[in-house]
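Hi,

Here is the structure I promised to pass on to you. Have a look at it first, and then read on for what turned up.

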Amino acid sequence: MYSQGLTDAKGQQEPAELLAAFQAKIDREEKIEPRDWMPDAYRKTLIRQMSQHAHSEIVGQLPEGNWITRAPTLNRKMILLAKVQDEAGHGLYIYSATETLGVTRDQLTDELLSGKAKYSSIFNYPTPSWADMGAIGWLVDGAAIMNQVPLCRASYGPYARSMVRICKEESFHQRQGYEIMTVLARGSKAQKDMAQRALNRTWWPALMMFGPSDKDSTHSAQSMKWKIKRFSNDELRQKFIDATVPQAEHLGLTIPDPELKLNPETGHYDHGPIDWDEFIQVLKGNGPCNKERLQARIDAHDKGAWVREAANVYQQKQQKREVA
Amino acid sequence: MTGQFNNPALHSYLLRLADTSLTMGQRLAEWCGHGPYLEEDVALTNVSLDLIGHANIFYQLAAELHEHPITADDLAFLRDAHEYRNPIITELPKGDFAYTTLKQYFIDVFNVHLYQALSTSSYEPLALAAKKALMEVKYHRKRSEAWVERLSLSTEEAKTRSQKALFDLWFYTPELFETDAAMDELFVQGVIADYTEIKTIWHQQVEAHLQHCQLTLPESGWVATGGLQGEHSEHLGYMLAEMQFLQRAYPGCEW
Amino acid sequence: MAEMKLYEVFIRAKSGLNHRHVGSLHASDAQMALLNARDVYTRRKEGVSIWVIEAEKITASNPEQEHEWFDPAEDKVYRYPTFYPLDKEVENM
């Protein structure tokens, strides 16, 4: 990609007039497109953020994939299968968009499989019961949507466009999860217990999905300026809590936070402290399922190697035959 | 043809169709999240979704013919292995990608001709369901046929794996064309397809393609049979144990 | 091992509309690209027709020359009907 010659990966000063024009363009809410000039740091930040997002979709297939073969009805099986498939599709859309920044799918995959790249910590938690399918759809997808909707207006064109597509497709994900929870909450005692336990497991990790508290967030200010982030972590987290609490009440389920209560002055729910040590540990690789999740991806990639190679070799042979 | 209400033969035939699609779809679903690469992961899942969708429709048709009120889910989740009527090939473990691909190809070619024939069934609900399924299985066949060729005519490893899959699977295919007295009767009534005809055309097309792919048919092996009568391999029990777990552990619940 | 080739995917949403770029995917050959494009990009009836093309076969204009290439069109106001005032009586031309 020739425009890369202009960006400066060697730490040299980028021309002030280009930087100013770039920022002005963003301030005018114009999109940056793949071969436009962009500061090296913008490119790097985007690659980091987008690839983390894509990896999360890919690893995110696994906790739910767990229950496809055990879904309790044919409809639930088809819905879950379609949803997990969407996640693969969404990973693919975002990888596609990331590749326009000059990295390859192979590089991105290597970074994930080598453990170098991060992905959302939520997928390192287990899904031991069917109700986890409900809790994930309702809370994890709910949190993801809060994060993703503003990204539809991200300054980088390919990212924004992929997010528009993803948000459109994901609109059923949260609803199907909430519907699972509704049926369980209104079902037998055992089903209701199942739902409550899943909510207990998922609540705090879901809140952590919005990332560290604003005061500890390292990348936020610059990303806001570049409009690849529109709201702060804490703002989105609060929005999520405010939206979710009444939904839990409607189901007759209890959110596992004794300090949670509506603050009449702010109109928002106050909540108890988030265990950031747990968050850091899980991010570092010490969550309950980090090793299994990564291993599952490594296995799929390794077992697929001969298939990918066969496909390439077949194409080369065909081409030779056509030439001959 | 109307008034099929008391037609156990048709009920049981619809179960054969449904069980076959469900077991295929269930096995294929095991690839979801574990495919050889992302694009193929999405594609395999699409086929799986289609097959489970077909099963759902056939179970519904079967349920309508049942003497007691019963649902598609009851039929899928509350029958034991000996009541399942699929051919054994569809319950076999997913194996490697070559094995999955070849098994899929065998079933896809079979399905294309089966649904083509069933789309003129004198039992209208079956004809309608077959017409819808036909569009989808034609696409499945296009995919799996291309993959069988891609794997066979590429690297040594892929060819070896494909050849091994053929040796392992070939003698499970005769069972696809088996019929029993009840099915023969349905054929006479114009309700179901002529399985002899399907068998002939299946062999012509599949053997030609395998030859084009430079694969060799095995000379002998155990010829699978029994699925139609509920005599299955050991694999089906495990598949159902997993699939039916929630319905069995929490009977009578809504999900 | 080399990565599979990158294909750009274009979809016609319904007849009467142009094919529109929707994204990309990797495939080893054009047929696979086409089938996978169907599975990846039209899971919700998004299209009635698909084109795929190897990304490296696309020839594109240079964004650095955006102004030289496209700005000259800006002052050709005579290409637009509003450039020509009409008498009120024949307003609807």
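The contact between chain A and chain B draws on 46 residues from chain A and 48 residues from chain B. Please keep in mind throughout that this is a predicted model. Together the two chains bury about 4000 Å², and 70% of that area lies on carbon and sulfur atoms. On the chain A side, A:Leu74, A:Trp306 and A:Tyr314 supply 20% of the area that chain A buries against chain B, more than any other three residues.

How many salt bridges cross the interface of chain A and chain B? There is one, and there are 14 residue pairs in polar contact between these chains. As for where the chain A side comes from, α3 (61-65), α4 (74-99), α7 (157-185), α8 (189-208) and α12 (290-323) each supply at least two residues of the side that touches chain B. Sorted by type, the residues on that side are 27 nonpolar, eleven polar and eight charged.

The side chains of B:Glu39 and A:Arg105 meet with N to O at 2.6 Å. B:Glu39 belongs to helix α2 (residues 38-64) of chain B and A:Arg105 to helix α5 (residues 105-113) of chain A, so this pair joins two chains. Are the two residues buried or exposed? Both B:Glu39 and A:Arg105 are buried.

Now for chain A and chain C. Here the contact takes 25 residues from chain A and 23 residues from chain C. The buried area is about 2000 Å², with carbon and sulfur atoms giving 48% of it. Five salt bridges are found across the interface of chain A and chain C, and twelve residue pairs are in polar contact between the two chains. In chain A, α4, α5, α7 and α12 each supply at least two residues of the side that touches chain C. That side of chain A divides into eight nonpolar, seven polar and ten charged residues.

One of the salt bridges between these chains is formed by C:Arg44 and A:Glu169, whose side chains meet at 3.4 Å, N to O. Which residues make up the salt-bridge network that includes this pair? The linked residues are A:Asp86, A:Arg165, A:Glu169, C:Arg43, C:Arg44 and C:Glu46.

Over all chains, the structure holds 36 salt bridges. Two within chain A may interest you:

- A:Glu179 pairs with A:Arg76, the closest N and O atoms being 3.3 Å apart. A:Glu179 sits in helix α7 and A:Arg76 in helix α4 of chain A, so the pair ties together parts that are 103 residues apart in sequence. A:Glu179 is partly exposed, at a relative accessible area of 42%, whereas A:Arg76 has 7% relative accessibility and counts as buried.
- A:Asp132 forms a salt bridge with A:Arg201, with the closest N and O atoms 2.9 Å apart. This pair links distant parts of the chain, with A:Asp132 in helix α6 (residues 131-151) and A:Arg201 in helix α8 of chain A, 69 residues apart. A:Asp132 is buried, with a relative accessible area of 2%, while A:Arg201 counts as partly exposed at 27% relative accessibility.

Finally, a word on the backbone. Most residues other than glycine have a negative phi. C:Lys45 is not a glycine either, yet has a positive phi of about 55 degrees. C:Lys45 lies in the loop between α1 (30-41) and β3 (49-54) of chain C. With a relative accessible area of 79%, C:Lys45 is exposed.

Happy to go through any of this with you.

Best wishes

How values were computed:
Residues numbered from 1 in each chain as written. Chains lettered and ligands numbered in written order. Predicted model: local features only at pLDDT ≥ 70, side-chain atom pairs only at ≥ 80, totals over all residues. Heavy atoms only, no water. Contact = heavy atoms within 4.5 Å. Buried area = accessible area lost by both parts, 1.4 Å probe. Salt bridge = Lys/Arg side-chain N within 4 Å of Asp/Glu carboxyl O. Polar contact = N/O pair within 3.5 Å; in protein donor to acceptor, adjacent residues only side chain to side chain. Helix = DSSP H or I, 4+ residues; strand = E, 2+ residues; numbered from the N terminus. Nonpolar A, V, L, I, M, F, W, Y, C, P; charged D, E, K, R; others polar. Buried < 20%, exposed > 50% of the residue type's maximum accessible area, 1.4 Å probe, protein only.
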